[in-house]
There are 2 protein chains.
Amino acid sequence: MTAEGLPMVVPASDLPARVRIHEVGARDGLQNEKTAVPTEVKAEFIRRLADAGLTTIEATSFVHPKWVPQLADAEQLFPLAKDVPGVELPVLVPNQRGLERALALGAERIAVFASATESFAKANLNRSLDESLAVFAPVVRRAKDEGVHVRGYVSMCFGDPWEGAVPLHQVARVCTALRDMGCDELSLGDTIGVATPGHVLELLSLLNEEGVPTNTIGVHFHDTYGQALANTYAALEHGVTTVDASAGGLGGCPYAKSATGNLATEDLVWMLHGLGIETGVDLGRLTATSVWMAERLGRPSPSRTVRALSHKDQ
Amino acid sequence: MTAEGLPMVVPASDLPARVRIHEVGARDGLQNEKTAVPTEVKAEFIRRLADAGLTTIEATSFVHPKWVPQLADAEQLFPLAKDVPGVELPVLVPNQRGLERALALGAERIAVFASATESFAKANLNRSLDESLAVFAPVVRRAKDEGVHVRGYVSMCFGDPWEGAVPLHQVARVCTALRDMGCDELSLGDTIGVATPGHVLELLSLLNEEGVPTNTIGVHFHDTYGQALANTYAALEHGVTTVDASAGGLGGCPYAKSATGNLATEDLVWMLHGLGIETGVDLGRLTATSVWMAERLGRPSPSRTVRALSHKDQ
């Protein structure tokens, strides 16, 4: 599964030497599957992703099974995933109860999932924006007291399906609130995939002005309108070194009605490797993993790179 | 078919104020269809593209029908297309015979299709690279004598399916040869879609060093590995103002075995409009045109933007 020495490696000036990929396929991807994937398949997926060189693999979510039945096996899966050496395994926690479940299993990294808009806070969390932040505050505090690394997702940063455009200062307010709580890292989510590069750069600059350092910011783009990689390139130019992606392009947002969701890790790796940026990822193994997973799920990967590379083998 | 005021318009610094889209769907797209599209449907497609605001629409190819039977109706189609007001209609000509056919119908813009590599020259043109350039020289000269604008396509600029990596100086040699013949404009083709942004910037810089001005260079990216829009963004940063794209993502290269080919015009327009770059295109009308064409062809458009926007109407 190679591409005849392609892409040609040609660095661009002023880009980071290394990017950390925050792999979200096992959580963000599989939580959007209609039927739950068996626990052993999930664990094998995580093992294969680690084998392909990914070092940050978001494993699951300790949300109530009523809301996300696809990840109801978090208690069974997490210990299996923890056995994989050399990998950080952040888990999503929605509230104090979820945090306690995660801590009891020895989770060292958690993530909370906030919204930049009232509409999505209401739809996804059934709370107002400020109420949802108030729920997260003690969760983040307790996690920090336990020495746990905390990521704060901010969804709908660049547009909202109900509200349309989202004011930048509103996004910045949620970001600084999460920082003030103690979040070590933010992930700026373009949940409906509408952002374009100028918009990304403007938000990053505003966050810097508000005292949020670039090295604490990750970007999380969706490919709904095909913009994810262009936006990622702009973010790299700004100095961002953490990029969220999903192996094979698994998943998306159930509220964004479109065929395509997360940026595919393979499409990202193709670009990063072409730019001479280190990721530690073996693209052939990663592609093989996504092909394997696509077979388990019974439908082809939407990743362009997975399709192109796996087609070559036929 | 709108997107609730999205994308938010946020310009990035140092990008062009306006981009000319060279629409290739009617030629590059339809020449790759298994069965020929009826002439009247092609003419209606061109009319609808013009209605959507596209001003440069590559109409057809005056190649021998034996090689591209899909475009065997060039003589019938071109006069129909010429009736569309306010639109430039370049046509591809492979040789002197094709040029004469185009001139007889009053074509004011032609394009020749060169290769940056020996293997593709052999596969596509059945000649060596230098032999193919020798065929084009008198064609370009005669066209210029007639006051016709000449575009020179250079395919496989960033990688070749047989040769792998393509040396930049070899691409530059073909480009300067075409310029020396009299080509007014070049189109740098990533025929198998493997380029990444640093590679694009390096070739553009090299061409500038070789005396090729940026305002005579168009870029022609394929989305085979999902890189087309990131590469386009890098090219815009370099100052490129002519971008090739295909409505609905029609077409691709028959030698590149993959599901996806040309950059979709809609995905490009979404980015350009988000960046506040003028195109003159009405995205809603363009999307409607691609949905209409997809119905004629009996399969959905691969454009992410077309899928997202047309889904909203259902």
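1. The contact between the two chains takes 50 residues from chain B and 50 residues from chain A, where contact means heavy atoms within 4.5 Å. This is a predicted model, in which local features need pLDDT of at least 70 and side-chain atom pairs count only at pLDDT 80 or more, while totals for chains, interfaces and linings use all residues. Side-chain values use heavy atoms, with hydrogens and water left out; residues are numbered from 1 along each chain as its sequence is written, and chains are lettered from A in the order in which they are written.

2. Between them, chain B and chain A bury about 3900 Å², and 63% of it lies on carbon and sulfur atoms. Buried area here is the accessible area (1.4 Å probe) that two parts lose on being put together, summed over both. In chain B, the residues that lose the most area to chain A are Met8(B), Tyr225(B) and Arg304(B), together 21% of what that side buries.

3. Two salt bridges are counted between chain B and chain A; a salt bridge is a side-chain nitrogen of Lys or Arg within 4 Å of a carboxyl oxygen of Asp or Glu. Arg304(B) forms a salt bridge with Asp223(A), with the closest N and O atoms 3.5 Å apart.

4. Four elements of chain B give two or more residues to the side that touches chain A: helix H8 (197–209), helix H9 (228–238), helix H10 (265–274) and helix H12 (304–312). The largest share, seven residues, comes from H12(B). Helices are DSSP runs (H or I, at least four residues), strands likewise (E, at least two), numbered from the N terminus.

5. Chain A has 12 helices and nine strands. The radius of gyration of chain A, taken over C-alpha atoms, is 18 Å, close to the 20 Å that the globule rule (2.2 Å times the number of residues to the power 0.38) gives for 314 residues, so chain A is as compact as a globular protein of that length. Its C-alpha trace spans about 55 × 45 × 35 Å along the principal axes.

6. Of the 314 residues in chain A, 62% are buried, that is, under 20% relative accessible area (1.4 Å probe, protein chains only), with exposed over 50% and partly exposed in between.

7. Thr224(A) sits in the loop between strand E8 (217–221) and helix H9 (228–238) of chain A. Thr224(A) counts as buried, at 3% relative accessibility. The side chain of Thr224(A) reaches the backbone oxygen of Ile192(A) at 3.4 Å.

How values were computed:
Polar contact = N/O pair within 3.5 Å; in protein donor to acceptor, adjacent residues only side chain to side chain.
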